[in-house]
Amino acid sequence: MIPILLKRVVHGVLVLWVVATLTFLLLRLAPGGPFDSERKLPPEVLANLEAKYHLDQPILNQYLLYLSGIARGDFGPSYKYLDRGVTRIIAETLPTSALLGGLAFAFAILSAFPVGLLAAYYRGSFIDRLCLLVATLGISLPNFILGALLIWAVALQLGWLQAGRWDDWSSAILPTITLGAAPAAYLAALLRSSLIETFNEDFVRTARAKGLKESLVVMKHALAHSLIPILTVMGPLAAALLTGSFVVEYVFAIPGMGRFFISAVTDRDYPLIMGVTLVYTLLLVCANLVVDMLYGYADPRIRAQS
Amino acid sequence: MTARSRTSASANSWLIASGTVVFIVVALGFLAPWIAPYSIGGLEAKQLLETPSWSHWMGTDGLGRDLFTRILYGARVSITVGLGTAVIALVIGTSYGLVAGFRGGNWDHLMMRVVDIFYGLPEMLIFILLSLVFGRNIGGLLIALGLVSWVRFARIARGQVLQAKEFLFVESANALGASRRRVLLRHILPNILGPIIVTLTFSIPSAILAESTLSFIGIGINDPYSAWGTSWGTLAQDGYRAMRSYPHVIAFPAAAIFVTILSFNVLGNGLRDLLDPKQR
């Protein structure tokens, strides 16, 4: 287990380094600078600005300065928010995004499991077909459309909830559903097909033959076995929640990291773009690492390999 | 027996239905200049935000432009982005995967390492960064999306080549002294097309989704007055702002996006069952 884990960590660091380098290069290549504005700045002012942000130094120096900053957890100053550094902006907004992502993840798991179980157990029935239909629709519905639809129906027409606020638990309901719906649909469909396959396995028949209670057969034997394919998609799922979060934050005007990322892109606030991208990548790498560990734990064959 | 043929018949009808919708969307997009009832730039100052009527089937937007016309031209944008990205990713990814799988050994190992790293990247963010470099227009977005999504093809193609290399007819072609190029292009490629076509079908809706999402949040195609067509995502964003009083302005572009993505996904599922029964 330990050597595999070490290999994964090295891989994760490699991914982070690639992203750091890539973002650095890409944003240097991108046309237009951070200080391009409609009125041209006087050359002296521009020179001072560039000196302040080390933009006048050779590109290799800038790169090394940037990397050593990251290693210390310092993403540099924001070009747009002059009073705060990028690290502080991220520290202030990340908890909001993490809360939203966590809620959506919980929502996806909690709704996918009963639906997937029911659909697989009553395979071919009306329930099954309804679940499949909802899952197909859910996968194809972009979250910005779902978000707008929910705001229109629940907030504007019915008036049950208010949209565009982020202060108490009720303001989190619609964003959570919006962000979690597609992962829920995807998970339910996956769990269904995985369970259907498992129900045909010999060990399930054996468990039934020896007179085990049906609920135990399903919940203990079949479900545990079906979890392995579910675990493999947890990494991409985490990615979907991360990148979905900035769309949902935009639609619902939630002050999270994603919304700052969007405005950083429009403002060409390079350090903020790079910082947020790196934090997202770090989260993704960690999620993949956890999934790998769980995967090794859940499947004894993989445990035995190492 | 009867149950089986019934399911395959219903699967076929889904395939045909989704294929028809996809065909209609593609046709409407490319025929937009000839079938649109109004000109794309046409403003009617007296008819702002009108609800659907006989003269404006989908109503008008905040500048008095006919929404049906804008949706038709928007189809052209979405289809171009979807098909274009898929083709770019197909060409890069498949040739990469073919070479990796066919060469094998250290080459394969090294090349797939690169693919692994690409797989670990947050796709959407890299796409946004690339679009900043290549420009926020259709061409730039196509390149950016293509560069992000080729890895899927590389993995599929490589896996398929590794399997196909074991086939007897490949062995016999080698034994008969066929050149490596001939073996790869004549014997292996045709046999691995099925899964690649399926991947292609699924990558079209994800490109359309990515483009419309970015345009909706205002960092996609940045050209709201383009004579070539405005992204459905941008149209939806316009509608989103006016949603409280004029929900029709967002309803039609949102429906267009949803129906298009849905029919491509259903088509992909059908094709997968048809061409690649192993992956079911």
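**Helices, core and contacts**

Biologist: Why are α2(B) and α8(B) called oblique to each other?

Modeller: Their angle is about 130°, with the axes 8 Å apart. Angles under 35 degrees count as roughly parallel, over 145 as roughly antiparallel, 65 to 115 as roughly perpendicular, and the rest as oblique. About 130° falls in the rest, so α2(B) and α8(B) are oblique. Axes here are lines fitted to C-alpha atoms, for helices over the stretch in contact, and angles run from 0 to 180 degrees between N-to-C directions. Bear in mind that this is a predicted model: local features need pLDDT of at least 70 and side-chain atom pairs count only at pLDDT 80 or more, while totals for chains, interfaces and linings use all residues. Residues are numbered from 1 along each chain as its sequence is written, and chains are lettered from A and ligands numbered from 1 in the order in which they are written.

Biologist: Which way does α2(B) cross α8(B), left-handed or right-handed?

Modeller: Right-handed. Among the contact residues are B:V81, B:A86 and B:L90 of α2(B), and B:I204, B:I208 and B:E211 of α8(B).

Biologist: What about α4(A) and α12(A), why are they oblique?

Modeller: They pack at an angle of about 50°, with axes 10 Å apart. That angle makes α4(A) oblique to α12(A), and their crossing is right-handed.

Biologist: What makes A:V276 stand out in the largest nonpolar core?

Modeller: Of its 144 residues, A:A188, A:V276, B:F127 and B:I128 touch the most other members. The core is a set of buried Ala, Val, Leu, Ile, Met, Phe, Trp, Tyr and Cys residues joined through C-beta atoms within 7 Å. Helix α2 of chain B gives the most to this core, with 15 residues. Beyond its neighbours within four places in sequence, A:V276 is in contact (C-beta atoms, placed from the backbone, within 7 Å) with A:I90, A:M257, A:F260, A:F261 and A:A264.

Biologist: Why is A:R208 called partly exposed?

Modeller: A residue is buried with 20 or more other C-beta atoms within 10 Å of its own, exposed with 12 or fewer, and partly exposed in between. A:R208 has 15, so partly exposed is the label. A:R208 sits in helix α8 of chain A. In chain A, 35% of the 306 residues count as buried.

Biologist: How do you know how many helices chain A has?

Modeller: Helices (H or I, at least four residues) and strands (E, at least two) are DSSP runs, numbered from the N terminus. Chain A has 13 helices and zero strands.

Biologist: And which helix of chain A gives the most to the side that touches chain B?

Modeller: Across that interface, 33 residues of chain A are in contact with 31 of chain B. On the chain A side, α1(A) gives the most, with seven residues. By class, that side has 25 nonpolar, eight polar and no charged residues.

Conventions:
Contact = placed C-beta atoms within 7 Å. Left-handed = near helix turned anticlockwise from the far one by under 90°. Nonpolar A, V, L, I, M, F, W, Y, C, P; charged D, E, K, R; others polar.
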